[in-house]
Amino acid sequence: NAPKIAQYYQAEARAKGAMVLEANVSSIDSNSASSDSSKFSITTDLGTLQAKTVVVATGIWTQALLKSLDIALPIIPVAHPYAYGPSRPVRDIKQPFVRWPERHIYARDHGEVDGFGSYDHEPVIGNPKHSALCDRVTERYGDTQRTAEND
């Protein structure tokens, strides 16, 4: 039950002093030139917010959201079938994300194509042997973050 799980962790975060907002976030930028203690500027549909600490829990969308910070976070890949339909004209009104929960499938409008995904499969559990660092991260930043503690 994903909504209950999310609500539980949001309540835990609030209990530890986090502010949880219902907002569409379009970017998170560094505020290194700021004279106050705010390290980040978060652009949302509620306006621009300032924060000293930000927890990003957006799953596969994390990389796109943090692209202006020039950091690469290792994302653990999961097996999840997803396909794109044929090209078509862009609709005048973007269609909503649609789920068919009884079939464990969903569809979303990607502009010139539709995307189709399925959750109707056994979970594939990743079991990293040493650390969550992937080749893309170590190629970009070197292996300086790995220590005997990580192995």
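Colleague: What does the accessible surface of the chain come to?

Modeller: About 12000 Å². Carbon and sulfur atoms hold 56% of that surface. Keep in mind that this is a predicted model.

Colleague: How many of the residues count as buried, as a percentage?

Modeller: Buried residues are 17% of the 151 in the chain.

Colleague: What is the secondary structure of the chain?

Modeller: Three helices and seven strands. From the N terminus, the order is α-β-β-β-α-β-β-β-β-α. Of the contacts with a separation of 6 or more, 36% are between residues 24 or more positions apart.

Colleague: Where is confidence lowest and where is it highest?

Modeller: Helix α3, residues 135-141, is lowest, at a mean of 47. Strand β6 is highest, at 92. The mean pLDDT of the chain is 75, and 68% of its residues reach 70 or more.

Colleague: Over which residues does pLDDT stay under 50?

Modeller: Residues 127-134 are one such stretch, and the model has 11 contacts for them beyond four places in sequence. Residues 140-151 are another, with 16 such contacts.

Colleague: Now the charged side chains. Why is the pair of Asp 109 and Arg 88 called a salt bridge?

Modeller: The N to O distance is 2.9 Å. The cut-off is 4 Å, so the pair qualifies. In general, side chains of opposite charge can pair when their charged atoms come close.

Colleague: What makes this a link between distant parts of the chain?

Modeller: Asp 109 is in strand β6, while Arg 88 is in the loop between β4 (82-84) and β5. They are 21 residues apart.

Colleague: Why is Asp 109 called buried?

Modeller: Its relative accessible area is 5%. Buried means under 20%, so Asp 109 is buried. Arg 88, at 17%, also falls under 20% and therefore counts as buried.

Colleague: How do you know that Arg 88 and Asp 114 form a salt bridge?

Modeller: Their side chains meet at 2.8 Å, N to O. That is within 4 Å, so the label holds. This pair, too, links distant parts of the chain: Asp 114 is in strand β7 (residues 114-118), 26 residues from Arg 88. Asp 114 is buried, as is Arg 88.

Colleague: What about Asp 109 and Arg 91?

Modeller: The closest N and O atoms are 3.2 Å apart. That is within 4 Å, so this is a salt bridge. Arg 91 is in the loop between β4 and β5, 18 residues from Asp 109.

Colleague: Why is Arg 91 called partly exposed?

Modeller: Its relative accessibility is 30%.

Colleague: On to the rings. How many aromatic pairs does a search of the whole structure find?

Modeller: Five. One of them is Tyr 8 with Tyr 9.

Colleague: Why is the pair of Tyr 8 and Tyr 9 called edge-to-face?

Modeller: The centres are 5.0 Å apart, with 80° between the planes.

Colleague: Are Tyr 8 and Tyr 9 exposed or partly exposed?

Modeller: Tyr 8 has a relative accessible area of 47%, so it is partly exposed. Tyr 9 has 55%, which is over 50%, so it is exposed.

Colleague: Which residues do ring pairs link into a cluster?

Modeller: Tyr 82, Tyr 84, Phe 97, Tyr 106 and Tyr 119.

Colleague: What makes His 104 stand out?

Modeller: His 104 has a positive phi, about 60°, yet it is not a glycine. Most residues other than glycine have a negative phi. His 104 is in the loop between β5 (98-100) and β6 (105-109). At 40% relative accessible area, His 104 is partly exposed.

Colleague: Last one. Why is the pair of Ser 27 and Asp 29 called a polar contact?

Modeller: Their side chains come to 3.4 Å. The limit is 3.5 Å, so the contact counts. Ser 27 is in strand β1, residues 25-30. Beyond four places in sequence, Ser 27 touches Ser 41, Ile 42, Thr 43 and Leu 65.

How values were computed
Residues are numbered from 1 along each chain as its sequence is written. Side-chain values use heavy atoms; hydrogens and water are left out. Rings of Phe, Tyr and Trp (its six-membered ring) pair if their centres lie within 6.5 Å; planes under 30 degrees apart count as stacked, over 60 as edge-to-face and the rest as tilted. Buried means under 20% relative accessible area, exposed over 50%, partly exposed in between (1.4 Å probe, protein chains only). Helices (H or I, at least four residues) and strands (E, at least two) are DSSP runs, numbered from the N terminus. pLDDT is the predictor's confidence in each residue, from 0 to 100. Contact means heavy atoms within 4.5 Å. Accessible areas come from the Shrake-Rupley method with a 1.4 Å probe; for residues, only the protein chains shown count as cover. A polar contact is a pair of N or O atoms within 3.5 Å; within protein, one must be able to donate a hydrogen and the other to accept it, and residues adjacent in sequence count only if both atoms are side-chain atoms.
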